[in-house]
Amino acid sequence: TEPNNKGGGHNHGHHARGRHRGNSNNNNEMDIPAQRAHQLLEQMEDNPDIQPNAASYSTVIVAWGQSNQQPHGVQQAEAVLGRAHANQCANQICFNAVLHAWAKQGVPQRAFELLEAWLQDVKQQQQQKQKQQQQLETMANDSAPSSFSFSQKDTWPDVTSFNTVIDALAKSGDARAGKQAEALLPWMHDVGIVPDEITC
């Protein structure tokens, strides 16, 4: 799904907030940079003239994922990912940041569940686009243009997405991990991703 690029010029300050680190001396305090970025995102969402785009959401997601306040941070990151997806602004950076955050927290099962749901969503997108293409071919009584795209590839998982989850599963010691990692390999083929040395 193509991200919403409206308000792109307003993202520079948003990124600046996400780059600064808060005071981590007191882990009982809310992570200030992530919280400020989150508040700015909410202001953008409430302003019809300045709608957030993929960069806006990814900045907040990354900030929460790197927060010193865990597991609150990764939970917030996943919640923002849900809003980005609902607003058709979730891209690889958004998803991969949440996958990495769950893996870093030692919760590979949640990372696996999210990747699996992401792949199912991509599959549905492909099916919808194929139906649209068939309708176009029927209406035009001719082949659709070769440039017709099934989906925006920057919203699909990449090799980093798979490697993050497979590595986390391998380190988990969970009895289900081996079969789950193997189950991801056919998905890689389906979305046109070639496993690399890390995958293997």
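**View 1. His38 sits in helix 2.** Helices here are DSSP runs of H or I with at least four residues, numbered from the N terminus. This is a predicted model, in which local features need pLDDT of at least 70 and side-chain atom pairs count only at pLDDT 80 or more, while totals for chains, interfaces and linings use all residues. Residues are numbered from 1 along each chain as its sequence is written, and side-chain values use heavy atoms, leaving out hydrogens and water. Is His38 buried or exposed? His38 counts as buried because its relative accessibility is 7% (buried means under 20% relative accessible area, with a 1.4 Å probe and protein chains only). Setting aside neighbours within four places in sequence, His38 is in contact (heavy atoms within 4.5 Å) with Val60, Trp64, Gln76, Val80 and Arg83. Ala77 is 39 residues away along the chain, and its C-alpha atom is 9.7 Å from that of His38.

**View 2. Helix 4 packs against helix 5.** Their axes, lines fitted to C-alpha atoms over the stretch in contact, lie 10 Å apart at an angle of about 160°. Helix 4 is therefore roughly antiparallel to helix 5 (angles over 145 degrees, on a scale from 0 to 180 between N-to-C directions). On the helix 4 side, the contact is made by Val74, Gln75, Ala77, Glu78, Leu81 and His85; helix 5 brings Cys94, Phe95, Val98, Ala101 and Trp102.

**View 3. Phe162 meets several partners from elsewhere in the sequence.** Beyond its neighbours within four places, Phe162 is in contact with Leu115, Leu119, Pro157, Leu184, Trp187, Met188, Val191 and Ile193.

Conventions:
Helices (H or I, at least four residues) and strands (E, at least two) are DSSP runs, numbered from the N terminus. Angles under 35 degrees count as roughly parallel, over 145 as roughly antiparallel, 65 to 115 as roughly perpendicular and the rest as oblique. Buried means under 20% relative accessible area, exposed over 50%, partly exposed in between (1.4 Å probe, protein chains only).
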